[in-house]
Amino acid sequence: MYGDCQVLTSMGGNGVSSDSLFSSPIRNPNFNFMSSMGGPFHAFSSIIPKEESGLLRGKDEMESGSGSEHIEGVSGNEQENEQQPKKKRYHRHTARQIQEMEALFKECPHPDDKQRMKLSQELGLKPRQVKFWFQNRRTQMKAQQDRSDNVILRAENENLKNENYRLQAALRSVICPNCGGPAMLGEIAFDEQQLRIENARLKEELDRVCCLASRYGGRAIQAIGPPPPLLAPSLDLDMSIYARNFPDPMANCTDMIPVPLMPESSHFPEGGLVLEEEKSLALELAISSVDELVKMCQLGEPLWIRSNENGKEVINVEEYGRMFPWPMNLKQHPGEFRTEATRDSAVVIMNSINLVDAFLDAMKWMELFPSIISRAKTVQVLSGVSGHANGSLHLMYAELQVLSPLVPTRETHFLRYCQQNVDEGTWAIVDFPIDSFNDNLQPSVPRYRRRPSGCIIQDMPNGYSRVTWVEHADVEEKPVHHIFHHFVNSGMAFGATRWLAVLQRQCERVASLMARNISDLGVIPSPEARKNLMNLAQRMIRTFSVNISTSSGQSWTALSDSSDDTVRITTRKITEPGQPNGVILSAVSTTWLPHPHYHVFDLLRDERRRAQLDVLSNGNSLHEVAHIANGSHPGNCISLLRINVASNSSQNVELMLQESCTDQSGSHVVYTTIDVDAIQLAMSGEDPSCIPLLPMGFAIVPVVPNNDCNIMTTTDDNPMPPSGDGNGHNSGCLLTVGLQVLASTIPTAKLNLSSVTAINNHLCNTVHQINAALSSICPDNSSSMVGSSTEPAAPPKQ
């Protein structure tokens, strides 16, 4: 307040009086209150005592750091008039003076009197001016240090809040060791208190009745004692895919085999946020990453060279390092990391606006790639306006998967930037690493870092888009099970071809989902019911994909010590809606088959041919009652099947929901039994998200031969046979079988040896019957099979 008044009283030598100021013809109506004040309006300076005014003037001089004691001369009339302020002449330091004082300040921030005197003589300043300059410079340095400390403390505070949230979430998920339910932390709920009081009262009444009965009956009657300890049940499983009831879980509790029990939910890994002062650097990296992505999409040799293994383009690492030198603080580990870089292009049936919107929304992005992305989250929005994608910069997290527990997932934090080129009619979506300026991220195992990757989207007529995709990453060299070694190291597992193939198929599915001019719906009553059924099948696919991988840190147990054994089992405790509540046992096995993946897919998706496999059908027949085509390929469809039509009455109908899908990267056949009431709920237009699903099925991956050495990755010590035509059409495939059963409603259940043997033999028999059925159709392929592990494996060692 006082400072403002001081400024008003020192506005020049020939000041304007208050009378002339408020008598001006230009009036402000807000100043009318002045007229009500008796007497003339006095200057503001009279409000401030002289001592305070002097202090303020001294403070102003000290803060300026360059104030001079020389005051301009004034006339005699001005000296007599105490109302007139004295005007000061301020001295500004020259560049040389500032440079000399800065040099001394770096050596000695607190110079003594001799140093100040010497410096003032050299620079033509007064010692007092030098003293004030050093005072102001120290104050400025302290303010900068305070701001830096403030930024660090804010970051630490954010980390502490995140840790506090994580601990609170962990406390909320604590499981009671006795009942398996959520533990009560804190005060007991009111309803539980009432139950305990009622229980105590009933116990006292029971004791009184037993005492009376003993007195008049002539023999002692014992009150009900404490219940016997609850034993962990074994899981003697009925392996039929149609079974819903299981044998007594308390039988045969010997030879228990511990299996890891996974929690029903998992939290996203903690990651550091991008600070405010780092956003400018992030935007600079985003722009350079877009330029790099555009060049990588457009350039050919020598940056991209054709692979001799599969004919796909791979990057020339030396040429890439020469063309795109990244910042030195981007950590390089050439011995520890392996580079994966692939490129591909395809036309998809979705316009660029919808594609860009899906890439910037983590949930839509996951739905677009359900078999690749197990988890995704937008951690922070650094720039961008809602509804305007151009210029958006997001910090994101993703976990990428292969549908097998033999391949570890890849977790990464990255920055995603979106840029529109209006002249060319294209959109660029680029992902680039965040660890170039942020080291607070939790490393994943194996360590995985996305280099500038993404896609260029070009609009085409009729709602189509051409997408050019580049996938480029550094992956830590970690051993992968030898059955997947070639599939992963060749770039097919996480490469651009797989991303684009899934994108093409999912865009066709979205187009089918949004269609409203469907004339023949069959038993489906309405387009809304059709949409609900498709959403239910989409959730089934996603649940199956996540449950047979290592997503969310899910651990799996091998059934033997042999490196050739691919059977893995795990259990999960489910309490959330969407899946049956209880302990779910999952078993997965992967085997190489000497048949093209589309032959295996055609066998498994056809309900009539699959019913001939006893291990899968259990003697039941299947009849399709509803069919939804969701792609250009006839195998991309959703089917509602009725089980065992001949024996089912109208009051006892068993149904199965199945979705099959295929593309050049692989195929899936996923199905689950479902109640009639649940189907009617979906058909009536209600939300199907609460319908419990326990899917099982098959994932089929084509294996491309290595033309250099004319052999392929093996499932045992013997090499796989080379391709029949050199084009990979007859090179075989990897078949992953995934089974899930509701093992028990008791959360402390454990597996016994007979259950493990049963599920192991069931998986092996499934593969054996599938291979036998394929051999009868394609005998030429089966004759070339060498060393395939389709025979039932020996029981695991005790």
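## Overall composition

Of the 798 residues in the protein, buried residues make up 44%, a figure that, like every other value in this report, is computed from a predicted model. The protein contains 21 helices and 22 strands, and its accessible surface comes to about 41700 Å², with 53% of that area belonging to carbon and sulfur atoms. When contacts with a sequence separation of 6 or more are considered, 69% of them are accounted for by residues 24 or more positions apart.

## Largest cavity

The structure holds eight cavities of 30 Å³ or more, and the largest cavity has a volume of about 160 Å³. Its lining is made up of 17 residues, among which Leu403, Arg498, Ser665, His668 and Val701 lie nearest the centre of the cavity. Two or more residues of this lining are given by each of helix H14 (496-514), strand S19 (666-674) and strand S20 (696-702).

In terms of residue class, the lining of the largest cavity divides into eight nonpolar, six polar and three charged residues.

## Helix H15

Helix H15, which covers residues 527-547, has 21 residues and reaches 30 Å from its first C-alpha to its last, a span close to the 30 Å expected at 1.5 Å a residue. This helix is mostly covered, in that 15 of its 21 residues are buried.

## Tyr320 and its helix

Tyr320 has its place in helix H10, which consists of residues 317-323. Because its relative accessibility is 6%, and the cut-off for a buried residue is under 20%, Tyr320 counts as buried. Between Tyr320 and Glu292 there are 9.9 Å in space, C-alpha to C-alpha, while in sequence the two are 28 residues apart.

Methods. Residues numbered from 1 in each chain as written. Predicted model: local features only at pLDDT ≥ 70, side-chain atom pairs only at ≥ 80, totals over all residues. Heavy atoms only, no water. 1 Å grid on protein atoms, 1.4 Å probe; cavity = no way out; pocket = protein on both sides within 12 Å on 5 of 7 lines; lining within 4 Å. Points joined across faces, edges and corners; volume = space filled by probe spheres on them. Helix = DSSP H or I, 4+ residues; strand = E, 2+ residues; numbered from the N terminus. Nonpolar A, V, L, I, M, F, W, Y, C, P; charged D, E, K, R; others polar. Expected span 1.5 Å × (residues − 1). Buried < 20%, exposed > 50% of the residue type's maximum accessible area, 1.4 Å probe, protein only. Contact = heavy atoms within 4.5 Å. Areas by Shrake-Rupley, 256 points an atom, 1.4 Å probe, with all protein chains shown as cover.
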